[in-house]
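Here are my notes on the model you sent over, jotted down while I had it open on the screen. Have the structure up alongside as you read.

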Amino acid sequence: MPGIDKLPIEETLEDSPQTRSLLGVFEEDAAAISRYISQLYQAMHRIYDAQNELSAATHLTSKLLKEYEKQRFPLGGDDEVMNSTLQQFAKVIDELSSCHAVLSTQLADAMMFPITQFKERDLKEILTLKEVFQISSNDHDTAITRYSRLSKKRENEKVKYEVTEDVYTSRKKQHQTMMHYFCALNTLQYKKKIAMLEPLLGYMQAQISFFKMGSENLSEQLEEFLTNIGTSVQDVRREMDHDVETMQQTIGDLEAASDPLYLPDPDPTKFPVQRHLTRKAGYLNARNKTGLVSSSWDRQFYFTQGGNLMSQARGDVAGGLVMDIDNCSVMAVDCEDRRYCFQITSFDGKKSSILQAESRKDYEEWICTINNISKQIYLSENPEEIAARVNQSALEAVTPSPSFQQRHESMRPAVQARPPTTRTSSTGSLGSDSASLSALSLDSLVAPDTPIQFDIISPVSEDQPGQAKSSGQAGRRTNPFGESGGTKSETEDSILHQLFIVRFLGSMEVKSDESPDVVYETMRQILAARAIHNIFRMTESHLLVTCDCLKLIDPQTQVTRLRFPLPNVVLYATHQENKRLFGFVLRTSAGRADSRPTSVCYIFESNNEGEKICDSVGLAKQIAFHAELDRRTSEKQKEMDRVKEKQQKELSKQKQIEKDLEEQSRLIAASSRSNQSSGEGQFVVLSSSQSEDSDLGEEGKKKRESEA
């Protein structure tokens, strides 16, 4: 190659200063090459490491995209379009991962191997030869110096021989080492160009091969797919921008409207007290006694639900019952260390709670609301109008505590005046436009696009699965204590009557009814949906367990809300950790146009009696099973008795026919022995025949009457 500088190997024996000076230049050049190649090696090694990391990251990305459909997200995890799109991306990225793996292998072979060989072999060889050359040059200089000091007066042949031999050996070694060193330095001028060009060539060839593979994999179909995905992304982005703009506008409006409410005790002239409320929710401080004279205050979220006062701590999924506030008494109390306090006492006086509101407005509204609920205004047709008419002073509101019988009698007019349309239903549709409820979809347990029923629909307004609706049965009162009126209860003959207090949480259609996991998963989905949509209202009922059905009875009116035939209850279970939660699966053929059986899971909350309820249902099913076996045995025995009786009748009939035939033969024989020629004899025979016929007619008539 032209332009390559070389060291003169022919002048190595002479070892002139010019040669040594030129050698120094080559050594400096070798040192500079070594430093530069080290930096280039580090840069190329970073490329190689980055490519390996990119290949591994691409493979991991493809793996995670494939596992997306197995994930269970609380929100938005059952989108088939999203699943198929991500699977397509996973397939393409997996192919790209293979291409990146091939590129990593090519970079290792074509880029890293040449520069590593040059760095580890050729440059280290130069350093080794340099050290050997320095040693041999020093040895030669020492030998020449020793040879020059030989004495000319008295020569020692032995010493002279040794010195001469030493000079010979050291000079030969220096000459040979210097020639090899010069040769290596001259070769380095070629190798330094190869060491830089060959890795770059391999790098570019590997990249070209990679892009060719990518071009083959990224076909026109994939380009169309990417175009569609890009369009979808732009649509989602536009929708997001619109929603963000709307939310920002809402935030601005709320900030402007809520500015006066930031004060803990707003001006009552600007925000008047609403005394006609029958629902109230908000944070209150509850007093808890910690000793004889000491107490502590806990802040919790309280809300009314029908005739109940509920509380829920921050982080809890559902609220718990604090007190039944039907016919309770509520009054303002004076606490030494707190203001805005009021006390609620249950109708029997056994339970009371002292609560503190944050402001005077909340304080008066809570008292008015609880007082309105206590008077059962919420059961009327227009509760707010009636409460506004009452509009009594909240601070002086103290309701009496009547007996249970008086309380039961006082409920009847309000309940009779209550229209069927006052009971509402809160539903959430899975797979609908709401993105939050799409997370409740279950792949293998719950049917897709099924609604969640958060409240009980009265049978007088809507047919329920598994219960026959009739004009005479709808709205009929049921007394679980056996004190019904003139009409006989359909469960009066049942040997099992167990009553439990339950609160209905929700129901939803499920795919399977073979494993308790269906009940557990339905519980989780319904509780999550209630938390997402801030649904705190629960319908309290009495669950009556008998040997033929389960009944949900209104505790106020004793009207049967729902009836579940016991044979249709195919699965029941209690929550594994929270024993208050239990549920059962009802299988019914109603509810579908194609008459295929459907399964609906109902979830309830009890007062720590979930296991007792499940045991009662299991006992009822066992009793019903044995009763069914006894019934079938009895029917079989009756059928055998009927067959036997029929056989006896046939045998009696046959004997009577044989007896009649014998009697007829005897009469014929007797008549033949009489006077056959006279007319009188003929008359006798005829009379006898007529008499016989009349006798046979009477007997036949008796036979027909007995058979009838």
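**Notes on the model**

1. Strand 6 pairs with strand 7 (residues 352-356) through 5 bridges, and the two run antiparallel. Bear in mind as you look that this is a predicted model. For a landmark within the pair, find Gln343, which sits opposite Ile354 of strand 7.

2. Strand 6 and strand 7 make a hairpin, with 6 residues between them. Gly349 is in that turn and has a positive phi of about 75 degrees.

3. Strand 6 has another partner too: strand 5 (residues 329-333) is joined to strand 6 by 5 bridges, again in the antiparallel sense. Here a handy pair to click on is Ser329 and its bridge partner in strand 6, Thr345.

4. How many of the 5 residues of strand 6 (residues 341-345) are buried? The count is 4, so the strand is mostly covered, buried being under 20% relative accessible area.

5. Two loop residues deserve a look for their backbone angles. As background, most residues other than glycine have a negative phi. Tyr340 is not a glycine, yet its phi is positive, about 60 degrees. You'll find Tyr340 in the loop between strand 5 and strand 6. Is Tyr340 buried or exposed? Its relative accessibility is 10%, so Tyr340 counts as buried.

6. The other one is Asn327, again a residue other than glycine, with a positive phi near 60 degrees. Asn327 lies in the loop between strand 4 (320-324) and strand 5. Asn327 counts as buried because its relative accessibility is 11%.

7. Over to the helices. Which residues gather in the patch of negative charge on the surface? They are Asp139, Asp141, Glu165 and Asp166. Both helix 2 (80-148) and helix 3 (157-217) contribute, each with at least two residues of the patch. Take Asp141 as an example: it lies in helix 2, and with a relative accessible area of 42% it is partly exposed.

8. Last, a contact across the sequence. His276 sits in the loop between helix 4 (220-258) and strand 1 (281-289). Along the chain, His276 and Thr369 are 93 residues apart, but in space their C-alpha atoms are 7.0 Å apart. His276 is partly exposed, at a relative accessible area of 26%.

Technical notes:
Residues are numbered from 1 along each chain as its sequence is written. This is a predicted model: local features need pLDDT of at least 70, side-chain atom pairs count only at pLDDT 80 or more; totals for chains, interfaces and linings use all residues. Side-chain values use heavy atoms; hydrogens and water are left out. Buried means under 20% relative accessible area, exposed over 50%, partly exposed in between (1.4 Å probe, protein chains only). Patches are made of residues with over 30% relative accessible area and no salt bridge: like charges are joined within 9 Å, nonpolar side chains (Val, Leu, Ile, Met, Phe, Trp, Tyr) within 5 Å. Accessible areas come from the Shrake-Rupley method with a 1.4 Å probe; for residues, only the protein chains shown count as cover. A salt bridge is a side-chain nitrogen of Lys or Arg within 4 Å of a carboxyl oxygen of Asp or Glu. Lys and Arg count as positive and Asp and Glu as negative; His and the chain ends are not counted. The place of a charge is taken as NZ of Lys, CZ of Arg, CG of Asp or CD of Glu. Two strands pair if DSSP finds at least two bridges between them.
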